Amino acid sequence: MKQFIQDLSEKNHHQATRLLQILRAIQSRYHYVPADAIEQLAGLLNKPRTQIISVVEFYSFFHLQPKGQFEILISDSITDHMLGKINLTSYLARQLKVAVGEVREDGIVSLDNTSCTGMCDQGPAGLVNGYALTRLDRARIDVITDLINQQKPLAAWPVELFHIEDNIHKPGLLLKQQINQGAALNVAFKRGLKETLAEIDKSGLRGRGGAGFKTAMKWQFCSEEAQSERYVVCNADEGEPGTFKDRVLLNSFAHQVFEGMTLCAAIIGAQKGFLYLRGEYLYLYDQLQCILDERRKAGLLGIDILGQGLNFDIEICMGAGAYICGEESALIESLEGKPGIPRNRPPYPVTQGYLGKPTVVNNVETFLAAAAIAVNGGDWFASVGTAKSKGTKILSISGDCARPGIYEYPFGTTIETVLMDCGAANVMGVQVGGPSGTFISNQEFDRKLAFEDLATGGSFIIFDESRNILDMVNNFTHFFAHESCGFCTPCRVGTSLLKKQFDKIVEGHGSAGDVAALEELCQVIKGYSHCGLGQTAANPVLTTLERYPELYQDKLKKISYEPGFDLDGALEIARRMANRTDAGAHLTQVGEDHE
Amino acid sequence: MSKTITIDSKMIPFQEGQTIMEAATAAGVYIPHLCHHPEFTPHGSCKLCTVNVNGRGCTACTYPAIDGQEILNETKELNDDRRKITQMLFVEGNHLCPGCEKSGNCQLQAVGYYLNMLDNHFAHFFARRDLDASHPDVLIDRNRCIFCTLCVRASREKDGKDVFAISGRGINKQLVFNSESGQLKDTGLGVNDQAAHICPTGAILIKRTGFTVPIGERRFDHNDIAETGLEQEHSDHG
Ligand SMILES: Cc1cc2nc3c(=O)[nH]c(=O)nc-3n(C[C@H](O)[C@H](O)[C@H](O)COP(=O)(O)O)c2cc1C
Ligand code: SF4
Ligand code: FES
């Protein structure tokens with residue numbers, strides 16, 4: 001191991017910023033990060049061991065204790081649940097003879113859950129040693145079980161297990177036609193970089209990752225910073241459950257995305273760019289590297305791009321299982337080899353980002369659109385959409401519909417239209433924008449996709465009348481508690497309290513004041529959290545409580561107070577010790593008897 | 001004309017580069033806080049110092065003072081929510097004030113008094129947290145840690161040692177020590193390090209100094225933290 005780590009560190013030039021990439025390699029090889037490896041790295045990277053440990057313990061895909069040689073993770077997105085994930089996981093556990101959350105005794109295989117893997121259109125999904133598995137069913141599980149028991153290396157597994165469809169069902173302005181390689185850069189250099197920025201400004205393009213900040217303005221701010229070193233970062237963390245459009249863009253439109261990044265570099269004056277790719281998309285890594293190589297060979301990346309004196313290159317950095325790293329400042333921390341904890345603002349990344357230098361962070365789709373706008377002009381884009389939301393939005397549609405997949409719509413399109421196109425029937429409601437977005441009921445389908453109405457990073461999950469809304473809220477609420485980075489009190493403690501309080505009500509232990517207490521807790525989390533994760537973590541409860549208060553009220557017991565714990569259950573140890581099972585050794589929860 | 005902000009209608013001058021907290025403290029205005037300490041890089045994590053700046057919530061300890069800001073600090077809404085945030089800290093760890101050596105000197109307890117916190121309100125986590133008594137002079141009880149990172153910052157910024165770090169994610173955070181064994185005795189921590197004396201709660205205690213000041217005569221026993229806190233910080237400033 002010593003030699004492996006030595007070589008690994010050397011390959012990464014002993015740079016502490018490369019820590020995540022180094023730890024990924026160690027985890028992949030040993031299926032955990034051994035204490036000795038941490039000691040050695042602390043020396044090689046000249047970083048306190050505690051800071052390495054805190055990185056290992058922050059990311060879901062790193063472990064201090066050994067996992068199986070085959071690490072299996074099953075996606076826990078609500079859509080996986082809707083596709084029968086629970087039964088399937090039990091089946092898998094039985095077949096493999098390993099409990100969820102455990103490593104099998106022989107150390108060959110371990111099984112656990114993981115947050116949404118971005119395969120909601122082809123779930124139930126999972127990961128084996130980081131590689132995506134799709135459309136899991138019993139037949140596939142039988143095959144996988146055999147392969148594991150025979151200890152077949154992944155390279156020898158049938159490729160169809162790893163096959164991933166794009167599922168583009170409705171291409172629009174952007175997806176209908178890719179730009180030619182180099183077209184955006186050629187046009188930009190010919191037209192002039194300032195003029196090209198003006199076109200992007202004219203297009204009205206706003207960020208596609210969620211917040212909707214004007215892209216041209218972000219680039220302008222960054223270019224005006226006095227520093228000479230600047231960075232371009234493409235946010236491909238795509239962790240919002242139900243979102244998978246960036247996966248498709250990087251699979252089939254990567255040239256254009258990289259071109260958008262290079263265009264940004266030319267405009268703001270950056271020499272270095274990063275693609276921060278979520279760990280779940282490991283299967284894209286090699287092909288993306290090939291595309292970068294092609295671009296270097298074609299003179300579209302590297303030294304003196306297109307003979308215009310622009311030097312710029314792109315490095316791919318992989319995440320390791322942390323939704324919070326989609327938040328731009330957490331992402332930058334992660335790129336620097338640290339836990340993904342959002343920074344205080346100001347300063348914003350455009351003034352102090354990666355290594356404290358001015359940095360533009362944009363979503364994959366934003367770069368894709370910027371490249372197309374450079375070629376086709378601002379008016380081409382601005383002529384589509386609404387006054388405040390120009391252009392189109394690419395949606396990732398999943399849940400109860402005939403054709404889950406990728407759909408591109410002009411802003412201003414109604415939910416009704418979208419539901420018709422994807423073949424959804426008897427719809428009860430739609431979660432627009434993922435767990436952090438809004439749940440809308442079937443009374444609101446005339447509402448529109450737009451920043452001024454229903455803003456969305458692209459997640460669009462459909463629920464039909466057969467679904468239980470509280471199951472969805474339960475899944476989302478647990479998701480946020482699991483993904484909270486833990487930096488600030490309201491989110492760290494609040495999301496876990498929210499989970500408890502919600503469970504208490506849903507499990508039938510709630511009483512009169514408990515829904516009010518739930519809402520009150522939501523307001524503290526929403527109002528006081530440090531970043532967007534905490535600020536939106538209560539949305540699933542708040543948006544459903546607003547629409548279906550009776551769902552919550554009906555769960556309450558008709559008593560004024562109910563303890564948060566099970567009185568009778570708490571006596572179990574005492575009963576065992578006293579060897580008693582008689583009625584006198586049992587307690588009922590307060591009050592119920594006296595109704 | 002010097003620049004000013006207003007806090008609860010009171011005009012407060014400030015110097016360029018000061019945070020709202022710094023400007024307020026210099027003017028004798030108390031803003032509740034736990035993770036902030038004037039001598040260390042602001043952290044902005046406890047969220048107790050949240051004030052309303054021109055209608056928006058901001059942490060006073062990290063947010064820059066800007067000319068003309070209208071700030072609300074002592075409002076019922078803010079203090080009600082600050083109380084809930086304090087209660088969150090109480091239920092997250094295991095804080096048993098009557099048996100704690102820090103009682104009366106503890107800022108968490110004092111902030112609880114100040115905000116009129118009469119119960120814990122939320123369900124307890126009863127988290128299992130370990131104690132480290134291995135060091136000859138310093139005891140660490142993780143049950144009382146509120147993740148303010150003051151010890152982390154003090155060790156790094158003042159003692160130049162990096163003895164502490166917060167590890168883990170979400171509710172599963174814990175304070176870890178920089179030694180191969182993971183034990184405090186094998187770190188470079190010295191009893192005179194600032195890091196050993198900075199803890200706002202009773203998580204870091206110096207051995208053999210317990211109860212030298214009797215309960216009843218301690219820092220917050222007779223004065224609330226709004227007065228003593230400010231005096232202390234002024235004197236800390238020198
Ligand atoms: C918890 C959280 C997760 C986020 N995840 C993503 C993400 O996966 N992809 C993304 O582009 N933006 C994400 N964002 C938004 C980013 O912080 C940032 O606004 C965005 O990358 C900027 O790019 P844009 O202007 O092109 O949208 C997230 C924000 C938060 C608070
Ligand atoms: S809101 Fe949550 S995720 Fe964001 S900084 Fe606070 S604890 Fe971390
Ligand atoms: S004192 Fe400002 S956030 Fe803790």
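Tutor: In chain B, strands E6, E7 and E10 form an open sheet of 3 strands in the order E6-E7-E10, with antiparallel pairing. The edges are held by strand E6 (131-132) and strand E10 (204-206) of chain B, each with a single partner strand, so one side of each is left without a neighbour in the sheet. The model under discussion is a predicted one. E6(B) pairs with strand E7 (residues 138-141) of chain B in the antiparallel sense, over 2 bridges. Within this pair, Leu131(B) has Asp141(B) in E7(B) as its bridge partner.

Chain B also contains an open sheet of 5 strands, ordered E2-E1-E5-E3-E4, and its pairing is mixed. Here the edge strands are strand E2 (10-13) and strand E4 (56-59) of chain B, each of which pairs on one side only. From one strand to the next, the twist averages 35 degrees. Strand E1 (residues 4-7) and strand E5 (residues 70-72) of chain B are paired in the parallel sense over 2 bridges, and Ile7(B) stands opposite Ile71(B) of E5(B). Helix H2 (residues 76-92) of chain B packs on this sheet, where it touches strand E3 (50-53) and E5 of chain B. The direction of helix H2(B) makes about 150 degrees with that of E3(B).

A further antiparallel pair in chain B consists of strand E8 (residues 164-167) and strand E9 (residues 174-177), joined over 4 bridges. Ala165(B) has Val176(B) in E9(B) as its bridge partner. The hairpin of E8(B) and E9(B) has 6 residues between the strands, and there Gly168(B) takes a positive phi near 90 degrees.

Strand E1 (residues 70-75) of chain A pairs with strand E3 (residues 109-114) of chain A in the parallel sense over 6 bridges, whereas strand E2 (residues 102-103) of chain A pairs with E3(A) in the antiparallel sense over 2 bridges. Leu111(A) in E3(A) stands opposite Ile72(A) and also opposite Glu102(A). The hairpin of E2(A) and E3(A) has 5 residues between the strands, with Gly107(A) at a positive phi near 75 degrees.

Helix packing can be followed in chain A as well. Two packed helices are described by the angle between their axes and the distance between the axes. Helix H9 (residues 193-203) and helix H10 (residues 215-224) of chain A pack at an angle of about 145 degrees, and their axes are 8 Å apart. From H9(A), Leu197(A), Ile200(A) and Asp201(A) meet Ala216(A), Trp219(A) and Gln220(A) of H10(A). By class, the residues of this contact are 4 nonpolar, 1 polar and 1 charged.

Backbone atoms take part in the polar contacts: a polar backbone atom of Gly209(A) is 2.6 Å from an oxygen atom of the ligand, and a backbone N or O atom of Gly239(A) lies 3.4 Å from an oxygen atom of ligand 1. For Gly326(A), a polar backbone atom is 3.2 Å from a nitrogen atom of ligand 1. Taken alone, ligand 1 exposes 600 Å², and the protein buries 89% of that.

Ligand 2 has 13 residues around it, and Cys485(A), Cys488(A), Cys491(A), Cys531(A) and Gly534(A) come nearest. This shell has 8 nonpolar, 5 polar and no charged residues.

Most residues other than glycine have a negative phi, and most peptide bonds are trans. Pro346(A) is found in the loop between helix H14 (328-335) and E11 of chain A, and Pro347(A) has its place in the loop between H14 and E11 of chain A. Asn46(A), a residue other than glycine, has a positive phi near 55 degrees; Asn46(A) lies in the loop between helix H3 (35-45) and helix H4 (49-58) of chain A.

Methods
Residues numbered from 1 in each chain as written. Chains lettered and ligands numbered in written order. Predicted model: local features only at pLDDT ≥ 70, side-chain atom pairs only at ≥ 80, totals over all residues. Heavy atoms only, no water. Polar contact = N/O pair within 3.5 Å; in protein donor to acceptor, adjacent residues only side chain to side chain. Areas by Shrake-Rupley, 256 points an atom, 1.4 Å probe, with all protein chains shown as cover. Pairing = 2+ DSSP bridges. Axes fitted to C-alpha atoms, helices over the stretch in contact; angles between N-to-C directions. Contact = heavy atoms within 4.5 Å. Near = heavy atom within 4 Å. Nonpolar A, V, L, I, M, F, W, Y, C, P; charged D, E, K, R; others polar.
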